[in-house]
Amino acid sequence: MKSLRKIFFACVFMILAVTASAQLDWGVKAGFNASTLNGLSNMIGNGVDYKNNYKPGFHLGLMAQYTLPVISLGFETGLYYSKIGSTEKYS
């Protein structure tokens, strides 16, 4: 009888562990950036040629997502590195 009880509790624990791990997802996010700056051409005076081009970059980070299955609500957080900026030319 004691071994049957141990098997029962082991099965219950495994089912709870599987459902609990399904609620928390971990992952990596990565992608491409094309960033630029806007509004600087209005600050340049007459006679100055100004060009602002996009600067290619990337973003990379770790994310975690927690989902509450009962009410279909989820939360996501992460830590990301994103390369930003632009290239400028004055003449």
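Me: What makes Glu76 and Lys29 a salt bridge?
Reply: This is a predicted model. In it, the side chains of Glu76 and Lys29 meet at 2.9 Å, N to O. A salt bridge needs a side-chain nitrogen of Lys or Arg within 4 Å of a carboxyl oxygen of Asp or Glu. The structure holds one salt bridge.

Me: Which parts of the chain does the pair of Glu76 and Lys29 link?
Reply: Glu76 sits in strand S3 and Lys29 in strand S1. They are 47 residues apart, and the pair links distant parts of the chain.

Me: Why is Glu76 called partly exposed?
Reply: Its relative accessibility is 42%. Buried means under 20% relative accessible area, exposed means over 50%, and partly exposed lies in between (1.4 Å probe, protein chains only). So Glu76 is partly exposed. Lys29, at 35%, is partly exposed too.

Me: What makes Phe58 and Tyr81 an aromatic pair, and why is it called tilted?
Reply: Their rings lie 5.8 Å apart, centre to centre, with 50° between the planes. Rings of Phe, Tyr and Trp (its six-membered ring) pair if their centres lie within 6.5 Å. Planes under 30 degrees apart count as stacked, over 60 as edge-to-face and the rest as tilted. So this is a pair, and it is tilted. The structure holds one aromatic pair.

Me: Why does the pair of Phe58 and Tyr81 tie parts of the chain together?
Reply: Phe58 lies in strand S2 (residues 50-68) and Tyr81 in strand S3, so the pair joins parts that are 23 residues apart in sequence. Phe58 has 39% relative accessibility and counts as partly exposed.

Me: Is Trp26 buried or exposed?
Reply: Exposed, at 67% relative accessibility. Trp26 belongs to strand S1 (residues 24-35).

Me: How do you know that Trp26 is in contact with Met63 and Ala64?
Reply: Contact means heavy atoms within 4.5 Å. Trp26 meets that with Met63 and Ala64, leaving aside its neighbours within four places in sequence.

Me: What makes the nonpolar surface patch?
Reply: Leu24, Trp26, Tyr66, Val70, Ile71, Leu73 and Phe75 make it, over about 790 Å². Patches are made of residues with over 30% relative accessible area and no salt bridge: like charges are joined within 9 Å, nonpolar side chains (Val, Leu, Ile, Met, Phe, Trp, Tyr) within 5 Å. Leu73, in strand S3, has 38% relative accessibility, so it passes the 30% cut-off.

Me: What are the helix and the strands, and how many are there?
Reply: There are one helix and four strands. Helices (H or I, at least four residues) and strands (E, at least two) are DSSP runs, numbered from the N terminus.

Me: Where is confidence lowest and where is it highest?
Reply: pLDDT is the predictor's confidence in each residue, from 0 to 100. Helix H1 (residues 2-22) is lowest, at a mean of 68, and strand S3 (residues 73-82) highest, at 87. Where pLDDT is low, the predicted coordinates should not be read in detail.

Me: Which rules sit behind these values?
Reply: Residues are numbered from 1 along each chain as its sequence is written, and side-chain values use heavy atoms, without hydrogens and water. Local features need pLDDT of at least 70, side-chain atom pairs count only at pLDDT 80 or more, and totals for chains, interfaces and linings use all residues.

Definitions and conventions
Accessible areas come from the Shrake-Rupley method with a 1.4 Å probe; for residues, only the protein chains shown count as cover.
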